[in-house]
Amino acid sequence: MNTSNSGITTRLSIMMFLQFFIWGGWFVTLGTFLGNNINATDGQIAQAFSTQSWGAIIAPFIIGLIADRYFNAEKILGLLHLGGAVLMYLMAETTEFSVFYPYVLGYMLLYMPTLALVNSVAFRTMSDPSKQFSKIRVWGTIGWILAGLVISFVFSWDSQEAIAGGMLKNTFLMTAIASAILGFFSFTLPKTPPRVVKGEKITLKEILGLDALKLLTNKNFAVFFFSSILICIPLAFYYQNANPFLAEIGVSNPTGKMTIGQISEALFMLLLPIFLKKYGIKKTLLFGMLAWAIRYVLFAFGNADELVIMLITGIALHGICYDFFFVSGQIYTDSKAGEKFKSSAQGLITLATYGVGMLIGFWVAGQISQFYTVGDMHEWKNIWLIPAGFAVLVFLIFAATFKNEEIQYEEK
């Protein structure tokens, strides 16, 4: 099948739009919701965010053991999102963390596998993914951006008055509706049958990408691998604390303003090939690490009044923070893996970063945030300077131990 068929291209674009509208529609404001609607502690908020990591760790089993072997990807995608819609509705109606946590854990165990499934449906439909995928994937970024704009500028659910009135519960209701729509819509997507023949043996090492562990015998890749895990600690601080921070210090329309980060991500994605060609993989990765440190220093010393531009700049650095380290890291991993271990290597990096790295990061962010809390207010300057310093430490270790190398692309 070919995406030159405009009908298929449109359906895949709608799929991507809804997939990331759903994620951006509740995850960005989760910390603010938990702290205000159900009086969760910073430690409990960290637990809730950590469900993303548990989902990332368990997702390969769902994809490897079920999707790749027995059922069409689009059908599993539909069922997972329909189940997610129910859990989203239940989260909206919850007032106690002890009840909320099982729901959000269940939801993330359903949602994280769908990130791989939408890619699987898209890639299997395309004749030339290298040219076609970005045009469809960009609708996911647009979906995430629109979710933030709707929350801030259409319904104002994240205004000081609305937060105090518990209006952020509506983000879950909005997401539940979007999940139900994508759930039913998924059954209209191009048929994507299992890739593994029934009865064909598949090992646990293959499912988890552990057969790519031999790449760690390469010193340079080992340095990159462990640096990827460590840099996820500062990353977790952003996901977990940015929206509560902006809301607490009185920045207007915080969720809408945070969409600047996604716009930046889309723009720097286009600039990434230029940076890689001009500066090489080492400097590009270092740019990404340094951007984390600069971002958090800006957050530490900015405010909601005359220095709000520092906060906006910190948000806008998201494109460099994410693209220059994580996306260029995926490209580097792909080049090091070779044809046999390409998918295994990407699975291993995902497991290490979104699984192990972010799990550690969310826990650390929760502990630091709780330590620097006085009454109902946080000492944000201290909270942000810690991940800034940690990012500088990872930057220095990486700069001293990683040797620059040219990314080799195989001729097709």
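Buried means under 20% relative accessible area, exposed over 50%, and partly exposed in between (1.4 Å probe, protein chains only). The model is predicted: local features need pLDDT of at least 70, side-chain atom pairs count only at pLDDT 80 or more, and totals for chains, interfaces and linings use all residues. Residues are numbered from 1 along each chain as its sequence is written, and side-chain values use heavy atoms, with hydrogens and water left out.

**Exercise 1.** Determine how many salt bridges the whole structure holds, and classify the exposure of Glu405.

*Solution.* Step 1: apply the criterion, a side-chain nitrogen of Lys or Arg within 4 Å of a carboxyl oxygen of Asp or Glu.
Step 1: in one of them, Lys336 pairs with Glu405, with the closest N and O atoms 3.2 Å apart. Lys336 lies in helix H13 and Glu405 in the segment after helix H14 (380–401), 69 residues apart, so the pair links distant parts of the chain.
Step 2: Glu405 has a relative accessible area of 23% and is therefore partly exposed. Lys336, at 24% relative accessibility, also counts as partly exposed.

**Exercise 2.** Describe the salt bridge between Lys169 and Glu93.

*Solution.* Step 1: the closest N and O atoms of Lys169 and Glu93 are 3.6 Å apart.
Step 1: Lys169 belongs to helix H8 (residues 169–186), whereas Glu93 lies in the loop between helix H4 (73–92) and helix H5 (97–125), 76 residues apart. Helices are DSSP runs (H or I, at least four residues), numbered from the N terminus.
Step 2: Lys169 is partly exposed because its relative accessibility is 27%; Glu93 is partly exposed at 41%.

How values were computed. Helix = DSSP H or I, 4+ residues; strand = E, 2+ residues; numbered from the N terminus.
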